[in-house]
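Here are my notes for your review. Please keep the sequence and the model open while you read.

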Amino acid sequence: PMSKCPCDSGREFDACCGPYLARTEPAPTPEALMRSRYTAFAKQDIKYLGETLLPGTQDDFDVEQVTEWASKSIWTGLEVRSTADGQTDNEAYVEFVAKFTMDGKDLIHHETGRFKQQDGRWWYVDGVMGQRPRTVQKVGRNDPCTCGSGKKYKKCCGA
């Protein structure tokens, strides 16, 4: 029998995160990558978690700690709350709640993960707990430029 994907997409594993964890194709979107990373936790594919980190950010990946977290947890569900593009076409954010049970307690990991596209594929960069702060600053055309040049925005970066 086919098995449902742990990422709660409602799809079969082989038609969802399976190909990414099999390394036959990269996840095509930040959300697909985030879901596949959740699935990697559920299936204890720690190597995949390391392999999908943005190159250059892998030094602080604590394999032992992640292995312990994944193996001591029963992963019980994933809810994707929102997906949003970042400041550039190559950056995106995915807010999610991962549900798991550890030591008999129901717990959640609520994160907004940051993803970057490099070399034609998406990578996980880092995340903040909870929702991403919405601090978008509106700059008026006559305000001082945010780059610190001392010029008016409209005469500088807003030109």
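1. Start with one residue. Aspartate 126 is partly exposed, at 32% relative accessibility. Keep in mind that this is a predicted model. The aspartate 126 side chain forms a salt bridge with arginine 114, and the closest N and O atoms are 2.9 Å apart. This pair links distant parts of the chain: arginine 114 belongs to strand β3, aspartate 126 to strand β4, and 12 residues separate them.

2. Those two strands belong together in another way. β3 (residues 105-118) and β4 pair in the antiparallel sense, over eight bridges. Glutamate 111 stands opposite methionine 129 in β4. β3 and β4 form a hairpin with two residues between them. Look at aspartate 119 in that turn: its phi is positive, about 55 degrees.

3. Now the other hairpin. β1 (residues 73-85) and β2 (residues 91-102) run antiparallel and are joined by 11 bridges. Glycine 77 has lysine 99 in β2 as its bridge partner. Five residues lie between the two strands of this hairpin.

4. The side chains of arginine 81 and glutamate 95 meet at 4.0 Å, N to O. Arginine 81 sits in β1 and glutamate 95 in β2, 14 residues apart. Are these two residues buried or partly exposed? Arginine 81 is partly exposed, with a relative accessible area of 45%. Glutamate 95 counts as buried, at 5%.

5. Four strands form an open sheet in the order β1-β2-β3-β4, with antiparallel pairing. β1 and β4 (121-129) are the edge strands, and each pairs on one side only. On average, neighbouring strands are turned by 30 degrees against each other, direction ignored.

6. Two helices pack on this sheet. Helix α2 (residues 30-42) touches β1, β2, β3 and β4, and its direction makes about 170 degrees with that of β1. Helix α4 (residues 63-72) touches β1, β2 and β3, at about 115 degrees to the direction of β1.

7. The chain as a whole is simple to read. The protein chain has four helices and four strands. Along the sequence the pattern is α-α-α-α-β-β-β-β. Of its 159 residues, 38% are buried. The accessible surface comes to about 9700 Å², and carbon and sulfur atoms account for 49% of that.

8. Check the cysteines. How many disulfides does the structure hold? The count is zero. Cysteine 5 is in no disulfide, and its nearest cysteine sulfur, in cysteine 17, is 3.6 Å away. Cysteine 5 is buried, at 5% relative accessibility. A disulfide needs sulfur atoms within 2.5 Å. Cysteine 16 is buried as well, at 6% relative accessibility.

9. Last, the salt bridges. The structure holds 12 of them. Side chains of opposite charge can pair when their charged atoms come close. Glutamate 51 and arginine 23 meet at 2.7 Å, N to O. Glutamate 51 is in helix α3 (residues 46-51), whereas arginine 23 is in the loop between α1 (18-21) and α2, 28 residues apart. Both are partly exposed: glutamate 51 has a relative accessible area of 31%, and arginine 23 has 36%. Salt bridges with shared partners join Arg23, Asp45, Lys47 and Glu51 into one network.

Notes
Residues numbered from 1 in each chain as written. Predicted model: local features only at pLDDT ≥ 70, side-chain atom pairs only at ≥ 80, totals over all residues. Heavy atoms only, no water. Buried < 20%, exposed > 50% of the residue type's maximum accessible area, 1.4 Å probe, protein only. Areas by Shrake-Rupley, 256 points an atom, 1.4 Å probe, with all protein chains shown as cover. Pairing = 2+ DSSP bridges. Axes fitted to C-alpha atoms, helices over the stretch in contact; angles between N-to-C directions. Contact = heavy atoms within 4.5 Å.
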